[in-house]
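Please read it alongside the sequence and structure shown here.

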Amino acid sequence: MTNRKKTILCVDDEEIILISLVEELKFHLGNGYIFETASSGISALALIENLEQDGNQLDFIISDCMMPEMKGDELLNEVRKKYPKIKTIMITGFADEHSIGRALNEARALAVLGKPWDSKALIELIKNN
């Protein structure tokens, strides 16, 4: 029996943030994880649906809050409704209290981390969940 690699989806509308986040996660978590990226909430939902249809399980979503078309808290709330087993974390440079509250209370995010995020806290959240 082989151990399944956990899959983490990183969502941010800024490509440099996605690159930085994935590289940091790869550095700290190693090869035991598969990393996917999406540049919007809408593309993230489509990717999740495709992964599910192909029989692949998504374990974590790390999403920015302030994005065009669909904010991070809206994405995480949709994910909780459709895919309740996926664990979520929101990162933000400037979210309002309403968005933070929605992410934690409605979407049941594990945490809301500020940008720049605390690398140790982010890695611990993933390892411990």
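A search of the whole structure finds one aromatic pair, where rings of Phe, Tyr and Trp (its six-membered ring) pair if their centres lie within 6.5 Å, and planes under 30 degrees apart count as stacked, over 60 as edge-to-face and the rest as tilted. This is a predicted model, in which local features need pLDDT of at least 70 and side-chain atom pairs count only at pLDDT 80 or more, while totals for chains, interfaces and linings use all residues. Residues are numbered from 1 along each chain as its sequence is written, and side-chain values use heavy atoms, with hydrogens and water left out.

**Lysine 87 and its surroundings**

- The charged end of lysine 87 sits over the ring of phenylalanine 60, 5.9 Å from the ring centre; the criterion is NZ of Lys or CZ of Arg within 6 Å of the ring centre and within 35 degrees of the ring normal.
- Lysine 87 belongs to strand β4, residues 87–92, with helices (H or I, at least four residues) and strands (E, at least two) taken as DSSP runs numbered from the N terminus.
- With a relative accessible area of 32%, lysine 87 is partly exposed, a class that falls between buried (under 20%) and exposed (over 50%), using a 1.4 Å probe and protein chains only.
- Beyond its neighbours within four places in sequence, lysine 87 is in contact (heavy atoms within 4.5 Å) with Asp59, Phe60, Ile61, Leu110 and Asn129.
- The C-alpha atoms of lysine 87 and alanine 109 are separated by 6.9 Å, although these residues are 22 apart along the chain.

**Backbone geometry**

- Most residues other than glycine have a negative phi, and most peptide bonds are trans.
- Glutamate 69, which is not a glycine, has a positive phi of about 70°; glutamate 69 is placed in the loop between β3 (60–64) and α3 (72–82) and is exposed at 66% relative accessibility.
- Arginine 108 also has a positive phi, near 55°, and lies in the loop between α4 (97–106) and β5, where arginine 108 is exposed with a relative accessible area of 56%.
- The peptide bond from lysine 115 to proline 116 is cis, with omega near -10°, and proline 116 is in the loop between β5 (111–114) and α5 (119–127).

**Cysteines**

- The count of disulfides, meaning pairs of cysteine sulfur atoms within 2.5 Å, comes to zero.
- Cysteine 10 is in no disulfide, and the nearest cysteine sulfur, that of cysteine 65, is 16 Å away.
- Cysteine 10 is buried, with a relative accessible area of 0%, and cysteine 65 is likewise buried, at 0%.
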